[in-house]
Amino acid sequence: MTRILIVSEHVGGKLNSSTAKCVTCAASIQGAEIDVAVFAADAATVASQAARLQGVKRVLKVENAANVEPLAAVLAPQVAAVAVNYTHVFGPSTTFGKDLMPRVAALLGVGQVSDIMAAESAYRFRRPIYAGNAVVTIDAAPDRKLVATVRTASFQAAPEGGNASIEAVSISADIPSHTRFVNRSAAATGRPDLQTAARVVSGGRALGSADNFRVIFSLADKLGAGVGASRAAVDAGYAANDLQVGQTGKIIAPELYVAIGISGAIQHLTGIKDARTIVAINKDPEAPIFEVADIGLVGDLFAVLPELENALP
Amino acid sequence: MSKILVGLKRVVDANVRVRVKPDGTGVVTDGIKMSINPFDEIALEEALRIKEKGAASEVIVVCIGPAEAQQQLRTGLAMGADRAILIQTDAAVEPIAAAKVLLKLVEKESPQIVLLGKQGIDDDNNQTGQMLAALWNRPQATFASKVELDGGTAKVTREVDAGLETIEVDLPAVITSDLRLNEPRYVKLPDIMKAKKKPLDTVTAKDLGVDISAQFKVVKFEAPASRQKGVMVKDVAELVAALKQKGLI
């Protein structure tokens, strides 16, 4: 019997949609029984959100004052302890899951499958390598516990409407004190979150300065979109690092992606290839971004953007 | 004084456009330029800077790979590492096996810091540092964009989805580098000459008593699904019309 434990991701009492995407991945495995674990200081609010996800059987609350911040070294021994009763342990392929899950796998004495993009069976998965330039199908041994991260851009969020039971679980695990949270600086922008936004407007190197990058924010606000940036724009200091879209930044799958002044390096394309519609505006007609764009416009962004903003309803 | 152990992986150079072999058994690597994994190069640069500030006495570079990986280790020595260890194998080594090998070296060398790239740009696994930290039962500070040492602790700023997160870890610890941690130095010709005289030891996983056999089996390699080429519009009016037609505005 396939029993899958999903390690939930949450911030400020709110379940991250990456968890619902892990549920969809897990539910694609035939006959899987899916539980979600919430590790928190106070897990009640998040647990009730997880319990509403369709396909979830049980939600496990693992409460401990040490779980107030998601430190991998603190959470991993607890996840490993809960994992004893499961055949599979999944987490999202976000920085939270990427940090935590390999530590869990090693504590369980097994390897990990990173970035599942499709589960062909309980022990056969597809995943991208070489920044998405190749896809491998890999087989895992059914006699070992399967630890994996789920590439969230490959799965839709599981819908609400479920009614899972919620249980408090107490475990004994040695929680280390060698790792301490200091602070987190998140830019509060009031814009939709890049990773979950239905629309995203991104700017690249052609913006030329942090000052000029304001035209991206302006168009994004007109569209009600989140804002992203290419690695070149982030490296040049035009945009904050958490806006970076691509292989080493965020991998996203919005309904509409508007790439402005982005040439389309493969590392960037890896981050957007699951977008429903890609619009590219670039003055170089040979830019690789046009190879993947659904709608392309060759032009000077500083002329096109004000005109576009005016023309939008 | 303390040592820093740095892992260097030999990978297809970042500027090579990787292609899947027509028979689906792997990617084309014949005659292709191989380099130090870029994230590992950043890790090494950070280790060298720590040593240059006087906070470490020795930087040891380690590679798990084929005999040809001596080239990458020599490059690491030319950058400024003091000595190198090659764990020679022709097999593809999974992160859990790499972590076990590194643990053996950690037990032998007792470094204060192990610095690794956050992921290899070949397999994109992003696992080895975290696994080593778990097996070693020590802290991990992954995706580092800033490292500040203060005696027995390190304050590490990490690139996370929400922005930047700072944690404090007791040493010894594993730190994995993100892109913006630093910009690696260029190697100068005299340093390449000097590097030839620096010690490079070769051992095998078997010498270390580690089983590096694979837990997973790669069934096939495929090229990714490509997107359909779309339409070009000539002006903003056409762009708006196209967006309307798709129901996007």
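1. A word on "buried" before we start: a residue is buried if 20 or more other C-beta atoms lie within 10 Å of its own. With that in hand, look at strand E7 (residues 112–116) of chain A. Five of its five residues are buried, so the strand is largely enclosed by the rest of the structure. Please keep in mind as you read that this is a predicted model.

2. What does E7(A) pair with? Its partner is strand E11 (residues 146–150) of chain A, in the parallel sense and over three bridges.

3. Now step back to chain A as a whole. Chain A holds nine helices and 18 strands. Its C-alpha trace spans about 60 × 40 × 40 Å along the principal axes. The radius of gyration is 21 Å, which agrees with the value near 20 Å that a compact globule of 313 residues would have. Of those 313 residues, 58% count as buried. Among contacts in chain A with a separation of 6 or more, 64% come from residues 24 or more positions apart.

4. The domain assignment divides chain A into domain 1 (3–168) and domain 2 (199–311). Their C-alpha centres lie 31 Å apart. Where the two domains touch, six residues come from domain 1 of chain A and nine residues from domain 2 of chain A. The domain 1 side of this contact is made of two nonpolar, three polar and one charged residues.

5. A helix in chain A to visit next is H2 (residues 44–51). Which of its residues are buried? They are Val46(A), Ala47(A), Gln49(A), Ala50(A) and Ala51(A). The elements of chain A that cover these buried residues include helix H1 (17–27) and the strands E2 (10–11), E3 (14–15), E4 (33–40), E5 (56–63) and E12 (165–168).

6. Next comes the meeting of the two chains. How many residues of chain A are in contact with chain B? There are 65, and they touch 63 residues of chain B. Helix H4 (residues 95–107) gives the most to the chain A side, with eight residues. Sorted by class, the chain A side has 34 nonpolar, 17 polar and 14 charged residues.

7. The chains also pair through strands. Strand E13 (residues 179–185) of chain A runs antiparallel to strand E9 (residues 163–170) of chain B, and six bridges link the two. One place to check this is Ser185(A), whose bridge partner in E9(B) is Leu164(B).

8. Leaving out residues up to four places away in sequence, Val6(B) touches Ala43(B), Leu44(B), Ala47(B), Val59(B), Ile60(B), Val61(B), Val62(B), Ala81(B) and Leu115(B).

9. In chain B, helix H2 (residues 70–79) is worth a look. Why call H2(B) largely enclosed by the rest of the structure? Because seven of its 10 residues are buried. Those seven are Gln72(B), Leu73(B), Thr75(B), Gly76(B), Leu77(B), Ala78(B) and Met79(B). Just after the helix, Gly80(B) takes a positive phi of about 140°.

10. The last stop is strand E10 (residues 173–177) of chain B. Five of its five residues are buried, so this strand is largely enclosed by the rest of the structure. Ala173(B), Ile175(B) and Ser177(B) point one way from E10(B), while Val174(B) and Thr176(B) point the other way, and all are buried.

Conventions: Residues are numbered from 1 along each chain as its sequence is written. Chains are lettered from A and ligands numbered from 1 in the order in which they are written. This is a predicted model: local features need pLDDT of at least 70, side-chain atom pairs count only at pLDDT 80 or more; totals for chains, interfaces and linings use all residues. Domain bounds come from an automatic or database domain assignment. Two residues are in contact if their C-beta atoms, placed from the backbone, lie within 7 Å. Ala, Val, Leu, Ile, Met, Phe, Trp, Tyr, Cys and Pro count as nonpolar, Asp, Glu, Lys and Arg as charged, and the others, Gly among them, as polar. Helices (H or I, at least four residues) and strands (E, at least two) are DSSP runs, numbered from the N terminus. The radius of gyration is taken over C-alpha atoms; the globule rule is 2.2 Å times the number of residues to the power 0.38. A residue is buried if 20 or more other C-beta atoms lie within 10 Å of its own, exposed if 12 or fewer, and partly exposed in between; C-beta atoms are placed from the backbone. Two strands pair if DSSP finds at least two bridges between them.
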